[in-house]
There are 2 protein chains.
Amino acid sequence: MDPADFRRNAHALVDWIATYLEQVERYPVLSRVAPGDVHSALPPQAPERGEAFAAVAADFERVLLPALTHWNHPGFMAYFASSASPAGILGEMLSAALNQQAMLWKTSPASTELEEVTLGWLRELIGLPAAFDGVIYDTASISTLHGLAAAREQAVPGASAHGLVRVERPLRAYASEHAHSSVDKALAALGLGLDALRKIPADADFRMRPDALASAIDEDVAGGARPVAVVATIGTTSTTSVDPVAAIAPICEQRGIWLHVDAAYAGVAAIVPELRPRFEGWERADSIVVNPHKWLFTPMDISVLYCRRMPTLRAAFSLVPEFLRTAEGDRGVRNLMDTGIQLGRRFRSLKLWMVLRDFGAEGLRDVMREHVRLARLFASWVDADANFERVAPVPFSVVCFRARGSDGASPADVDALNERLMERVNASGDVFLSHTRLDGRFVIRLAIGHYRTSEKHVARAWELLRQGVA
Amino acid sequence: MDPADFRRNAHALVDWIATYLEQVERYPVLSRVAPGDVHSALPPQAPERGEAFAAVAADFERVLLPALTHWNHPGFMAYFASSASPAGILGEMLSAALNQQAMLWKTSPASTELEEVTLGWLRELIGLPAAFDGVIYDTASISTLHGLAAAREQAVPGASAHGLVRVERPLRAYASEHAHSSVDKALAALGLGLDALRKIPADADFRMRPDALASAIDEDVAGGARPVAVVATIGTTSTTSVDPVAAIAPICEQRGIWLHVDAAYAGVAAIVPELRPRFEGWERADSIVVNPHKWLFTPMDISVLYCRRMPTLRAAFSLVPEFLRTAEGDRGVRNLMDTGIQLGRRFRSLKLWMVLRDFGAEGLRDVMREHVRLARLFASWVDADANFERVAPVPFSVVCFRARGSDGASPADVDALNERLMERVNASGDVFLSHTRLDGRFVIRLAIGHYRTSEKHVARAWELLRQGVA
């Protein structure tokens, strides 16, 4: 495909994409294909001769389009919504064509420095002090892995160099029972092991109990273990509960333990002044993860780690082989490869820069405020309906609830009822909800976060739910 | 920005991109900005009000464009070239708009199954047996991290669950002194530590010495250590040398040690039949990393890990929290989140699928063959010129060489001469070369891999080099 073909094909694709964005509600949010449908509809081997793009586009429409679950549909209210706003899509288009690889400053001064600039903008928008230095990774899983690698380096100086095999005291990390599985995976990867994670009980509102945390740490230390990190979450995955960071931070400070805050979903909501109190104390953390690809309308993938101790992070991962040594590096220029495991780095800041400029701070606040309003509105409908019950507070834009079931129904029956209800609602194609378990019980989640989700979509979800229990 | 604005802005952007692809040679390959230029040209804060895309595009042209190092320029011959062919750019455009997140089969059947299909195509093209199952990660660093995590799990069963702190025998990994730094970083991350890596001497052609490997392992085992993995490289970063995998594999098999093959750059060249002998024995590896974003004309980022022991990899990282349990998972459908650290997954297979169909197997072979021919041609020019010397064989598309310097010049003088020569050539803007050190000496590298690099570009590099020593 030469540039002239590209021009023609790309214009056709842009028309398709623009129409898709206009008419995405024509499609069922949740794909209706069966496992294997895509696999069996495509040839088992690559073509020997090159094919025209029109043939590829036709196969896309025939085979792949029905197999999409439409994350970019305003009825997507499952998990945490991740939406690609038009400005973010433009950023990705340009990023793909430029194909920057910012391992070194000189291999992409634009990407290296725009990352600093946009992360400075975002840091100020969410109200973190300048002591926090930022770095972009792909996903929150990788951001948390790096935060905890730095914590490991602080607790066991030289851990990256010498490993953990000869460490004598057991290592421990702490998180609430509602922390995200990425914490478990990071500990598995880092050689601390899943067993190193002590899950701290939560209160009735699913928030980590600081008293239980302090006791657990002190008990472990008395038993000879070495605490490595505490992970507090602002906006847990199940209920978006907020661990009391202001109470957790001093526990960590007094004991010299790294505090990592997982605000992957909710962190960007600190842009909204009236939501800022939910973030009290997070400025005392050592590292914080915030994902623009969740609630900041930026396409997958882009996760930000803000860290107050970036030299500790660099100590864990900076190796400079000769072929990557540059005169600029010697003069103190930042080479992003030194801040993590990944040598290759896409130009991710470009899409974030475009989203921040397209919405403006005011525009971002407006959309997030509306999402929170819609979540509270939906919660009020649940609260007012005797057939439903809400099972968690609504600090952000997620509502956890369930149908009550008939009098005398067993918990298992009520769980089965709710599972069927969710599947029936999702089968409508208009909305897509997900679930969790709280206190062992099946709970439906409605998560608002798509930049175009409006009251109409939330009302439709409620209509379907009420019809489902009628 | 609404869909109508998007349509207009995206068409304008497509025209810009198409012109960029046509006229990329107007720009100096290596950016000429100074550190801080981008930072100081942009405001310190995000805008309060949203801005028109035209303003953003104007800032892009004014501030960022001069700060790009043009990886998508056919004169880019530094590091390993990574080029974004038009079909790959189209794939990224569509992927951004669809914003798929394939953590579970149901959250993107299309992405989950197209990954299987395209990795099956690629596996067959490069001649690996069906016993190799594939998974897409972002970068080779992360692929290697996962390969070595699986190796760790095999050598220390339960390592992910229980960690390494209580392991009594020191752990060891082995790689040649020319292995990529991603191996070091993976060992640092995994808790084995940088010290766990024993670097095996290479022969005069920079290939790992199997006899030295076997001795090192046996010595370590006799000393009480436990070998975890051997990393062999097909196409090392400095010289693209090829470790003798066919001799290394039996050493690993006899001792039950995981063999990971780093073919991040060269692996895709196994598509070319006459290059296939360089890959002898790699089918005996436990895991192999191959990067389509290097020499397969696919935009950053996409790395593939082929693994013969995927259950071991999954054992290290499969955790299924309730909110991600699905009926499909219970029925044996693959949920990609179980094959690694990252929960979030972009729709990376789409661009690879488009590239494979656009070029066809024949087209890919033609371009790679031409790159190898050009490298040999350049090597022949070096060999025939008394002012230069070639310092390594050319198994693929990279040539390592240096200017000889005047009679009686000290090694330090010759190194300085070559560093100045490279900087002068790069300052031309027509080509961008990088360097390495071999046996302590500064060496210039010319790496061919851009889909549009032709004899004209290689000849221009040679012209500049000859002028530089004249």
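P86(A) lies in helix 4 (residues 86-98) of chain A, helices being DSSP runs of H or I with at least four residues, numbered from the N terminus. The model is predicted, with pLDDT of at least 70 required for local features and 80 or more for side-chain atom pairs, while totals for chains, interfaces and linings use all residues. Residues are numbered from 1 along each chain as its sequence is written, chains are lettered from A in the order in which they are written, and side-chain values use heavy atoms, leaving out hydrogens and water.

P86(A) is buried, at a relative accessible area of 2% (buried means under 20%, with a 1.4 Å probe and protein chains only). Leaving aside residues up to four places away in sequence, P86(A) touches L21(A) and Y451(A), and also M1(B) and F6(B); contact here means heavy atoms within 4.5 Å. P86(A) and M354(A) stand 268 residues apart in sequence, with 9.4 Å between their C-alpha atoms.

Turning to the interface, chain A and chain B each bring 150 residues to the contact. About 13,600 Å² is buried between the two chains, 64% of it on carbon and sulfur atoms; this is the accessible area (1.4 Å probe) lost on putting the two parts together, summed over both. Between chain A and chain B there are 16 salt bridges, each a side-chain nitrogen of Lys or Arg within 4 Å of a carboxyl oxygen of Asp or Glu. One of them joins R7(B) to E22(A), at 3.2 Å from N to O. On the side of chain A that touches chain B, helix 1 (residues 3-23) gives the most, with 17 residues.

Terms used
Helix = DSSP H or I, 4+ residues; strand = E, 2+ residues; numbered from the N terminus. Buried < 20%, exposed > 50% of the residue type's maximum accessible area, 1.4 Å probe, protein only.
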